[in-house]
Amino acid sequence: MNIYLIRHGQTRLNKAKQMQGRLDEPLSVNGKRQAEQMHEQLADIPFDAVYASPLRRAHLTASIVSGWKQDDIILDERLLEVSFGKYEGKNYYTMGLGMTLYWAVPEIFPVPDTVETLDEMRARSRSFLQDLEKQDYENVLIAAHGGILRTMNGYLLDRKNGLLWRPKMGNCEVRVYSSVDGSHRFLRDYKLKE
């Protein structure tokens, strides 16, 4: 199975450098344009299934990129963005030292109160991907969010800590992995052309 992970297109809050988390922010005009550009790059890939987070920005990205109707996309709560609790909607530069340090290097600094833990993120990613790997798909597209994709990439790279924190995925960036009998391999990435 080839697993295509994509981060949603840009939103107004992305551009304003604000933490989105579970806020259901729609794609901006630029975010829709990004998704259309990625659709052109992936147009020759026949997807057997398309999954997305229920949040509008990921759901619409999945539809535009795959060419599938939104009603045909499988929504899964495990693909939701990380819950940032009281930090949702806050500017990156005004979150305070604790959240800034944690989000920069979560392997070292403690998770702030009200924020979803790394263990919870890893458990959601593992649960979703292990269920997916039981399916008989050749190519599957999964549209999600920058935070949760860090643990999904970590799982598919078989990282001991279950993370690939850096470099983070850009808006509408795609990373492709193969999964065969529980063995994973990075295949390639697709980035937006400037």
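1. Phe-186 is partly exposed in this predicted model, and its relative accessible area is 37%. Its ring pairs with that of Tyr-177: the centres lie 5.6 Å apart and the planes meet at 70 degrees, so the pair is edge-to-face. Tyr-177 has a relative accessibility of 1% and therefore counts as buried, the cut-off being under 20%.

2. Strand S5 covers residues 174-180.

3. S5 has pairing partners in S1 and S6. Strand S1, residues 2-7, runs antiparallel to S5, with five bridges between them. Strand S6, residues 183-190, is also antiparallel to S5, and here there are seven bridges. Ser-178 can be followed in both directions: Asn-2 stands opposite Ser-178, and in S6 the bridge partner of Ser-178 is Arg-185.

4. A pair of aromatic rings is described by the distance of the centres and the angle of the planes. The model has eight aromatic pairs. One of them joins Trp-103 and Trp-165, with 4.8 Å from centre to centre and 75 degrees between the planes, an edge-to-face arrangement. This pair links distant parts of the chain, 62 residues apart: Trp-103 belongs to helix H4 (residues 97-104), while Trp-165 is in the loop between helix H6 (146-156) and S5.

5. Both partners of that pair are shielded. Trp-103 is buried at a relative accessible area of 16%, and Trp-165 is buried at 4%. Ring pairs also tie these two residues into a cluster with Phe-84 and Tyr-102.

6. Arginine side chains lie over two rings worth checking by eye. Arg-150 is over the face of Trp-165, 4.6 Å from the ring centre. Arg-188 is over the face of Tyr-190, at 3.7 Å from the ring centre.

7. The largest pocket has a volume of about 380 Å³. Which residues lie nearest its centre? They are Met-19, Tyr-92, Trp-103, Arg-150 and Lys-168, out of a lining of 22 residues.

8. H4 gives the most, with four residues. By class, the lining consists of nine nonpolar, eight polar and five charged residues.

9. Some backbone geometry deserves a look. Most residues other than glycine have a negative phi, and most peptide bonds are trans. The bond joining Arg-166 and Pro-167 is cis, with omega about -5 degrees. Pro-167 is in the loop between H6 and S5, and Trp-165 is in that loop as well.

10. Lys-17 has a positive phi, near 60 degrees, and is not a glycine. Lys-17 is in the loop between helix H1 (12-15) and helix H2 (29-42), where it is partly exposed at a relative accessible area of 37%.

11. Thr-114, not a glycine either, has a positive phi of about 80 degrees. Its place is in the loop between H4 and helix H5 (118-132). Thr-114 is partly exposed, with a relative accessible area of 48%.

Methods. Residues numbered from 1 in each chain as written. Heavy atoms only, no water. Buried < 20%, exposed > 50% of the residue type's maximum accessible area, 1.4 Å probe, protein only. Helix = DSSP H or I, 4+ residues; strand = E, 2+ residues; numbered from the N terminus. Pairing = 2+ DSSP bridges. Phe/Tyr/Trp six-rings, centres within 6.5 Å; stacked < 30°, edge-to-face > 60°. Lys NZ or Arg CZ within 6 Å of the ring centre and 35° of its normal. 1 Å grid on protein atoms, 1.4 Å probe; cavity = no way out; pocket = protein on both sides within 12 Å on 5 of 7 lines; lining within 4 Å. Points joined across faces, edges and corners; volume = space filled by probe spheres on them. Nonpolar A, V, L, I, M, F, W, Y, C, P; charged D, E, K, R; others polar.
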